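Hi,

Here is the structure I said I'd send over. Have a look at it first, and then read on for what turned up.

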Amino acid sequence: MALITCENLALGYNGREILRGLNFTVPPGDYLCVVGENGSGKSTLMRTILGLQAPLEGSVRTGDGLERREIGYLPQQTVVQRDFPATVWEIVLSGCQGRQGLRPFYTAEDRALARENIKKMGLAALERRCCRELSGGQQQRVLLARALCATRKLLLLDEPVSGLDPKVTAEMYELIARLNREQGITILMISHDIAAAVRYAAHILHIGDRVFYGTRDAYLKSGAGGQFLTEGGGMA
């Protein structure tokens with residue numbers, strides 16, 4: 001059963017419709033990249049899936065026992081996030097808040113999960129460092145570890161490599177791919193990097209003037225994929 005099912009979605013904000021008739025599913029273990037022109041509705045779609053914004057029409061359903069509070073979310077990084085005065089440990093542990101329910105405290109299991117994800121992201125030596133002292137790539141790994149504390153099933157990533165240098169960008173993409181490949185975590189990622197999208201994703205959702213949803217190979221052969229790759233300078 002699909003983790004996410006979107007049926008006949010119409011999306012918009014401030015009363016303005018930007019996308020209509022969107023249909024796709026995200027099965028367990030999938031790696032789906034959402035691509036498209038600026039302003040095409042990619043971030044609006046992400047907020048709608050998270051339940052932060054209602055669709056104008058249609059529905060977003062979760063399945064396979066997934067609850068929205070169990071979705072790990074890595075938003076686009078902001079200046080406020082980069083300068084947040086908290087330690088790596090505090091930020092990562094806060095990802096367990098959705099698991100607490102009515103409990104006003106973290107359990108030993110929560111703390112063990114936070115340590116596991118800190119180690120998984122290669123941050124053990126930085127656990128007590130203030131996040132504002134870290135590099136951009138290290139900060140993104142902190143936020144990814146936090147998102148992993150919220151889920152064992154689905155990660156939503158909004159431009160996770162924005163602002164990172166090429167070497168760190170490549171490392172982040174490989175890290176995300178390993179989470180998908182080795183741990184079976186389903187990935188739904190918004191990306192402006194079409195070359196990386198077609199390199200790593202199993203499925204592509206292209207939204208904008210043209211809408212495409214299908215496999216990576218089908219996208220490469222489609223009109224939407226061919227045009228977008230040509231305009232973007234081809235695959236890197």
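This is a predicted model: local features need pLDDT of at least 70, side-chain atom pairs count only at pLDDT 80 or more; totals for chains, interfaces and linings use all residues.

**The H6/H7 pair**

Let's begin with two helices, H6 (residues 136–150) and H7 (residues 166–183), whose axes come within 10 Å of each other and cross at roughly 15°. Angles under 35 degrees count as roughly parallel, so H6 and H7 are roughly parallel to each other. Their crossing is right-handed. On the H6 side, the contact is made by Gly137, Gln140, Arg141, Leu144 and Leu148; H7 brings in Val168, Met172, Leu175, Ile176 and Leu179. Sorted by class, that contact comes to 7 nonpolar, 2 polar and 1 charged residues. As for the spacing of such positions, an α-helix has 3.6 residues a turn, so residues three or four places apart point the same way.

Thr169 also sits in H7. With a relative accessible area of 12%, Thr169 is buried. If you leave aside neighbours within four places in sequence, Thr169 is in contact with Val161 and Leu164.

**The cores**

Which residues have the most contacts inside the largest nonpolar core? They are Leu144 and Leu155, in a core of 48 residues. Several elements give two or more residues to this core, among them strand E3 (31–36), helix H5 (108–120), strand E6 (154–158) and strand E7 (186–190). H6 gives the most, with 7 residues.

Not counting residues up to four places away in sequence, Leu155 touches Gly72, Leu144, Ala147, Leu148, Leu179, Ile185, Thr186, Ile187 and Leu188. There is also a second, separate core, which has 25 residues and includes Ile4, Leu32, Leu205 and Ile207.

**Gly72**

Gly72, one of the residues touched by Leu155, lies in strand E5 (residues 71–74). At 0% relative accessibility, Gly72 counts as buried. The C-alpha atoms of Gly72 and Leu148 are separated by 5.8 Å, although the two residues are 76 residues apart along the chain. Beyond its sequence neighbours up to four places away, Gly72 touches Ala147, Ala150, Thr151, Leu154, Leu155 and Leu156.

**Helix H1**

Is helix H1 (residues 42–49) largely enclosed or largely open? Buried means under 20% relative accessible area, and 6 of the 8 residues of H1 are buried, so H1 is largely enclosed by the rest of the structure. The buried ones are Lys42, Thr44, Leu45, Met46, Thr48 and Ile49. After H1 comes Gly51, which has a positive phi, near 80°.

**Tyr213**

Last stop: Tyr213, in strand E9 (residues 212–215). Its relative accessibility is 28%, so Tyr213 counts as partly exposed. Tyr213 touches Asn23, Phe24, Thr25, Leu32, His203, Ile204 and Leu205, again not counting residues up to four places away in sequence. Two of these names, Leu32 and Leu205, are also in the second core. For Tyr213 and Leu32, the C-alpha atoms are separated by 9.5 Å and the residues are 181 residues apart along the chain.

Cheers

Technical notes:
Residues are numbered from 1 along each chain as its sequence is written. Side-chain values use heavy atoms; hydrogens and water are left out. Axes are lines fitted to C-alpha atoms, for helices over the stretch in contact, and angles run from 0 to 180 degrees between N-to-C directions. Helices (H or I, at least four residues) and strands (E, at least two) are DSSP runs, numbered from the N terminus. Angles under 35 degrees count as roughly parallel, over 145 as roughly antiparallel, 65 to 115 as roughly perpendicular and the rest as oblique. A crossing is left-handed if the near helix is turned anticlockwise from the far one by less than a right angle, and right-handed if clockwise. Contact means heavy atoms within 4.5 Å. Ala, Val, Leu, Ile, Met, Phe, Trp, Tyr, Cys and Pro count as nonpolar, Asp, Glu, Lys and Arg as charged, and the others, Gly among them, as polar. A nonpolar core is a set of buried Ala, Val, Leu, Ile, Met, Phe, Trp, Tyr and Cys residues joined through side-chain atoms within 4.5 Å. Buried means under 20% relative accessible area, exposed over 50%, partly exposed in between (1.4 Å probe, protein chains only).
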